[in-house]
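Student: I would like to learn how to read the features of a model. Can we go through them one by one?

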Amino acid sequence: MTMQTSVFSLDQTAMELIERKLREKRQMAQAREHELFDVFQEDLTEEETWALKYLFAYMPVNDMADYDGALFLSHVRRTLEIRKQMPWGSRVPDHLFLHFVLPYRVNTENIEDSRGILYEVLSERTKSLSMADAILETNYWCHEKATYIGSDLRTISPLTMIRNARGRCGEESTLAVAALRSIGIPARQVYTPRWAHCDDNHAWVEAWADGTWYYIGACEPEARLNQGWFTPPARRAMLINTRIYADYPGPENITLADEWFTEINLLENYAPTRTITVLVKDGQGNPVSGADVHFELFNMAEFYPIATIPTNERGEASFKTGFGDLLIRAVQYGKWGEKKITVADSDRYEIVLDQTSPPSGTMDLDMVPPPEREGEAIEPLSEEKIQRHNSRLEEGTKIRTGYEDTFLTESEAVELAGEAGLPAERVWDILRKARGNCCEIAAFLRERSTEYGEWPLRLLESLNEKDLVDTFSETLDDHLIDSLAQRGDLSEDTFTQYVLCPRVLHEMIMPYKRFFQAAFTTVEAAAFKADPSLLARNLDEGYGRWEDLPNLKGKGNPVGTYNLMKGDPVSLDILFVAICRSLGVPARLHPSELKPQYMAGGSWVDAVLNASAPQEKETKDWGAIRLLQDHEAAAEAPAASYSENFTFARLENGIYKTLFFPYGHKDVYDEPFEVEPGSYRMTSGVRLKDGTVQVRFTYFKVHAGEQNDVVLTYRQTVHDIPVLGTVDRTSTLSTLDGANNTLGDLIGMNGAIAAWIEPEREPSKHLFREIGELTESFAELGAPIVLIIGDSEWTASFNPANYPKLPPSTIFVRDSSYASLPDIISHSPAQEAGYPHLFVLDGQDQIRYTASGYKIGTGKEALQVLSAVWQESMERSEV
């Protein structure tokens, strides 16, 4: 039968592919056939039918488990209607509409029927504008609703972001993409998985207007498109990409064409690139097809694969990347080969799969990022446009902070605590974190504390901070009331952490305790509670594993996974833990291995949920790593901090997988690290000011039931502290109370930090966070930290009290003339990098260190240099 239709400009091949994949998804989701697919029985137009087919064909397994077809039909109908109503709807080509307007998902956020809600607030505001101006205006609106703050890995939804009024860059960009799509503008979240020149990553937004893709910094408006504080760092990236839930044909460079998604490489729009080709051979010199080639760079003390590409029939894998260093690891069937490369050296490399045993001893290597580059010259904005833009930023900040002023106050929290008989300080801590959800949380405490005492408060304290913003009374009641019924004789701490608490990993918290208590017969529940391994076996035998989108692993709602009877391996592990907790059995994912465990006889027991996997056939005895200090280390060696300057990774099937110990964990010599037996690689690294990392690998083995002692060593680094210029200490600055002071009065005579900041922008907020994390060290020095805000960067809503963790020697001042700002930043790349401009000054008003713009690690580098110049000053004063 020939399909005669041009709906969405789909040709017959594309339609047949969608139909085939839809059949696979319907087969996979048989257990929820009616909940998902009964919408096709409704009176649908041809566009509605094919839009639904397209979404279902590429829908992640977790979405098929957690949501019903009615939600997706509502989304489709609203999106199609918006396309007709917005003036540019007809100008958006069908292929862009399908891939970048129709999709309901942006990242890993919880899905809500938000498209119509966002459309109602944005359509009138934008419909009279050009598409380009509508993009800018939408970002001003996003700025009114949310600003940046660092947070955990769970991505909140756009509506929750608005309720919270703040979030990390991945959440800001999720909101902005959802907002743009809600008015029919094609938009996508783009990101660098990891920076090469510093730690961390970043996400932003690309939006299409009349034939061209532009970029914007989400919730951080600029006066024009293709401008953002991240522009200079992006020129040093090794990959900038996005993921599309479809068989996407381009025209962009395609990094990976998976069965269920496509990754496209957008780096050439931001930075110089080279396409490198890796030829993988076996020990006999034959090309190997189907080998996985991991392109890895150093970030957060591990080698992170920014791309994994399978070799083709010729044994080749090609990757477009930047001009920095990569560690390339090719793996197949447990054999591997590895090579550190400098992209500028060649465009072809060869790796032989001839390794089956891990090395021993240590190995050192340098990882050099792409160099700093100047951008293209752009025409300066007129003073009128700059003033108009600054006015819009100020207006947006006032709107957002006005909303934040509606949150419950400390006095109201104290009053509630008195009514409920709860400790006021703990109640305020919870309500403060709940932000726009504070009234919901307060009502829960008020209603439930009379009957259950402190347990409602303890439940809330067991959650992550972000959970307090999008967890509601129905869910809290479920986990409070139906957990207490199962407490038995468990200790308070064990019960609170491993039964009462609903949070397992990074999934959305939903009610599930009552559901699972009713899901099994009395006999089944008793058997599972007596021996949780029976539950593990039941799930292993009765539930299928389905993997599609890597970033959605472990995001499945336990009830949805249970009903679908399928899920990714991590979501199935979470399901096991959730059922155990519902039955009163303490359970968790192991803190570093993230494998399911239950408590029996006061000890943790591994639950085997994937018995078909060779390494999972039986539980293992654990081993331990005890770190020893390097007593011969140089004074400049960094203080050990997990994920900041060292990590552990275990070799599994030819790949080193990093262990998940808490980020920034510093008491690393006190207690051994509990780990599974195996071959390990410890990675330590010292990052230099230009972004180069001096890396050391230390290889060792851990045996079951034994402790392995390992000395943590760092490569010795000589830190040059040159004189870069001077500052004028007679420059006048004003404190926030209006008093005038000279820069010299503020910085003293022994050394200081002076930083010109833009407090509402992400780079300056990163600096605040880094200095705050080092408060104890800065306080020991006692050196002044002068944070300077210019008139054009000042906002009336700025309040230093919002940064209580900064060192006590910190002072905020204003600089109306910029006369005190050293000339050194007038030169590119510092000027283009933008705020913050940080300087470490010695006791002779000399600049000994400078950093501009976004760079993770600036706080530590500044502390290190400041400590050295402070010591110099002390030595001079003693002479």
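**Reading sheets, helices and a loop**

Tutor: We start with a sheet: 8 strands form an open sheet with mixed pairing, in the order 29-36-35-32-33-34-30-31. Keep in mind that this is a predicted model.

Student: Which strands are the edge strands of this sheet?

Tutor: An edge strand pairs on one side only, and here that holds for strand 29 (725-726) and strand 31 (740-742).

Student: How many bridges join strand 30 to strand 31?

Tutor: Strand 30 (residues 732-735) and strand 31 run antiparallel and are joined by 3 bridges.

Student: What lies across strand 32?

Tutor: Helix 26 (residues 762-773) does, running at about 155° to strand 32 (752-757). Helix 26 also lies across strand 33 (785-790), strand 34 (810-815) and strand 35 (837-841).

Student: How many bridges pair strand 16 with strand 27?

Tutor: Strand 16 pairs with strand 27 (residues 693-702) over 7 bridges, in the antiparallel sense. Take Met363: its bridge partner in strand 27 is Phe697.

Student: On to helix packing. At what angle do the axes of helix 15 and helix 18 cross?

Tutor: Angles under 35 degrees count as roughly parallel. The axes of helix 15 (residues 438-452) and helix 18 (residues 473-484) cross at roughly 25° and come within 10 Å. The two helices are therefore roughly parallel to each other.

Student: Is the crossing of helix 15 and helix 18 left-handed or right-handed?

Tutor: The crossing is right-handed. Helix 15 makes the contact with Glu440, Ile441, Phe444, Arg448 and Tyr452. From helix 18 come Ser473, Leu476, Asp477, Leu480, Ile481 and Leu484. By class, this contact has 7 nonpolar, 1 polar and 3 charged residues.

Student: Last, a loop residue. Is Gly488 buried or exposed?

Tutor: Exposed means over 50% relative accessible area. Gly488 has 69% relative accessibility, so Gly488 counts as exposed. Gly488 sits in the loop between helix 18 and helix 19 (492-500).

Student: What separates the C-alpha atoms of Gly488 and Glu379?

Tutor: Read two separations here. Along the chain, Gly488 and Glu379 are 109 residues apart, and their C-alpha atoms are separated by 71 Å.

Note on methods: Residues numbered from 1 in each chain as written. Predicted model: local features only at pLDDT ≥ 70, side-chain atom pairs only at ≥ 80, totals over all residues. Heavy atoms only, no water. Axes fitted to C-alpha atoms, helices over the stretch in contact; angles between N-to-C directions. Helix = DSSP H or I, 4+ residues; strand = E, 2+ residues; numbered from the N terminus. Parallel < 35°, antiparallel > 145°, perpendicular 65-115°, else oblique. Left-handed = near helix turned anticlockwise from the far one by under 90°. Contact = heavy atoms within 4.5 Å. Nonpolar A, V, L, I, M, F, W, Y, C, P; charged D, E, K, R; others polar. Pairing = 2+ DSSP bridges. Buried < 20%, exposed > 50% of the residue type's maximum accessible area, 1.4 Å probe, protein only.
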